[in-house]
Amino acid sequence: MTDNSQILTDLSVATLAVSDTPYGLIEDAAIAITDGMIAWVGPKAKLPQDHTALAQTSLGGRLVTPGLIDCHTHIVHGGDRAVEFEMRLNGASYEEVARAGGGIVSTVTATRAASEEALIASALPRVDAILAEGACVLEIKSGYGLDLETELRMLRAARAIAQHRPVRITTSFLGAHAVPAEFSGDADAYIDDICIPALRAAHAEGLVDAVDGFCEGIAFQPAQIARVFDVAAELGLPVKLHAEQLSNLGGAKLAASYGAMSADHIEYLDEDGVAAMAEAGTVGVVLPGAFYTLRETQMPPIAALRKHGVPMALATDCNPGSSPMTSLLLTMNMACTLFRMTPEEALAGVTRHAAAALRLDDCGRVAPGLRADLAVWDVAHPAELAYRIGYNPLHSRIFGGKS
C-alpha cells in the first residue's frame, strides 16, 4: 500500500456534500490526505500552501467519490441455494421447495454445520467482489444460526473479515430473522429462550454494533420485535428493522418509535410510516436486489420518501436466497431503472445516506476531518456509475489513505 499522507491532484471529485452543485462536484480538484484522514478538498488552484510539501499523486483526470458503503448484507452464511433457484424456475412451488429442504432451513442447516474458519473462507470471495467495486464499509448480519452458538459464530466470523481484508465491518445481531424448525409454531418461546439470551451473550462478547429483526407475517410480529428492541435499548444498542417487505405490519413505525437507524426493504410502507421515519431521523434502506429476485411488483414509496425528506440508502442485501448479489454498481442501476431514483440519489444512497443508516459520521463524504476512504473511477461523470450494466470502471480504492 502507498503512504497514507499525500496530495491527490488532476481529478474531479463528487464530494457528496449537501450542496447547490449536483453530487457536490468539484472540477480540477485536489485532495490533501494526512495520517489517513482528509485534511483538505477543493479546487486545485486554492490548495493551501501548508499542504504543498506533501508528495503529489496525479489521478490523470479521473473521478473520485467517497468509498462506497454496503449498509445491509447477509454475506456470512453456509451453503447456497442455487438448486432451489433452479427448482423454482422449473415450476416447483415454495411448499415443494421447503419439503425438499430448501428455503431458509437449508441455509440454517449449512451455517450451523460450518466452522468459523469455513464461514470466513466462504464469505471472502463475496467480500472481494464488493470491494472490487469501491466499497470500504460493509455491514454484516447474523441470523442464519438461530441458536446461541451459531449466532455468535457468525458474528465472530464477520468481525474477523476485517483482519483478512482492508475493509471496515459493522455487525448487526439478527436473531429475530426466522423461527427455526425446532420452535415451529412457537415464535414467542424462540424469542425468550434463544434470541434474547443470544443477544445478551453477543453483546457481552463485544460482537454487536446494532440489533436487527424481520417484522413480517412469515417471521415475527411487531410485539415480538418490540421485546427484542427493549433488550437492545437496555444494552444501549441502536436498532434497525426489515420492515414492510411483503406486507404492512407497521414495522417502520415501530422501528421509528425506538429511534431506529434504518427501516429496510419498505416496499409496502405507507405514508404514515414514512412520516414516522422522518420525525425519528430513520433512514430508508432500499434493496432492489430482493425486489428483482422475488419478482415483486410493489415498489417502495420513493416519492413519499422524497416528500418527507427521508434519506434513501441503497444496499446489495447480499444473501443466499432473495438477493444473491455482490454488486453495488448493479444495485445503483436497479434503483434507477426499477424505482426511478436519480443517479445522484443512487450515489448518495451508497455513500452519504448509507453512512447515516449505520450512524457513521466519519465517512460517506469527501470532506476535511473524515476518513480518506475513496474510490477512483475511470469515468467522466458521476452518472456513469449508475448508467452502465455489468461494467466496473473502478481504477483504484483508497482505504484509510492507502491504495
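E182 is partly exposed, with 48% of relative accessible area; here buried stands for under 20%, exposed for over 50% and partly exposed for values in between, with a 1.4 Å probe and protein chains only. The side chain of E182 meets that of R112 in a salt bridge, at 2.8 Å from N to O. A salt bridge is a side-chain nitrogen of Lys or Arg within 4 Å of a carboxyl oxygen of Asp or Glu. This pair links distant parts of the chain, 70 residues apart: R112 sits in helix α3 (residues 104-113), and E182 in the loop between β7 (168-176) and α6 (187-204). R112 is partly exposed too, at 26% relative accessibility.

The structure is predicted, and local features need a pLDDT of at least 70, while side-chain atom pairs count only at pLDDT 80 or more, and totals for chains, interfaces and linings use all residues. Residues are numbered from 1 along each chain as its sequence is written, and side-chain values use heavy atoms, with hydrogens and water left out.

Turning to the chain as a whole, its secondary structure comprises 15 helices and 14 strands; helices (H or I, at least four residues) and strands (E, at least two) are DSSP runs, numbered from the N terminus. The radius of gyration of the chain is 21 Å, close to the 22 Å from the globule rule for 403 residues, so the chain is as compact as a globular protein of that length. That radius is taken over C-alpha atoms, and the rule is 2.2 Å times the number of residues to the power 0.38. Along the principal axes, the C-alpha trace spans about 70 × 45 × 45 Å. Of the 403 residues, 57% count as buried. Among contacts with a separation of 6 or more, 71% come from residues 24 or more positions apart, a contact being heavy atoms within 4.5 Å. The accessible surface of the chain amounts to about 15300 Å², and carbon and sulfur atoms hold 52% of that area. These areas come from the Shrake-Rupley method with a 1.4 Å probe, and for residues only the protein chains shown count as cover.

The mean positions of its 29 positive and 48 negative charges lie 3 Å apart. Lys and Arg count as positive and Asp and Glu as negative, with His and the chain ends not counted; each charge is placed at NZ of Lys, CZ of Arg, CG of Asp or CD of Glu. The whole structure holds 21 salt bridges. One of them joins D209 and R159, whose closest N and O atoms are 2.8 Å apart. D209 belongs to the loop between α6 and β8 (210-215) and R159 to helix α5 (residues 148-164), so this pair ties together parts that are 50 residues apart in sequence. D209 is partly exposed at 32% relative accessibility, and R159 is partly exposed at 24%. Elsewhere, a network of salt bridges links E139, K141, D212 and K240.

E84 is buried, with a relative accessibility of 8%. E84 is also in contact with S106, as are R81 and G101, leaving aside neighbours of S106 within four places in sequence. S106 lies in helix α3, and its C-alpha is 48 Å from that of L11, at a sequence distance of 95 residues.

Two further helices each contain a buried residue worth a look. N333, in helix α12 (residues 328-339), is buried at 7% relative accessibility. N333 touches A386, Y387, R388 and I389, not counting residues up to four places away in sequence. G273, in helix α9 (residues 271-280), is buried with a relative accessible area of 2%.

Finally, the backbone has some positive phi values outside glycine. D28, which is not a glycine, has a phi of about 45°; it is found in strand β2 (residues 25-34) and is exposed, at 53% relative accessible area. E244 likewise has a positive phi, near 55°. E244 lies in the loop between β9 (240-243) and α8 (251-257), and is buried at 1% relative accessibility.
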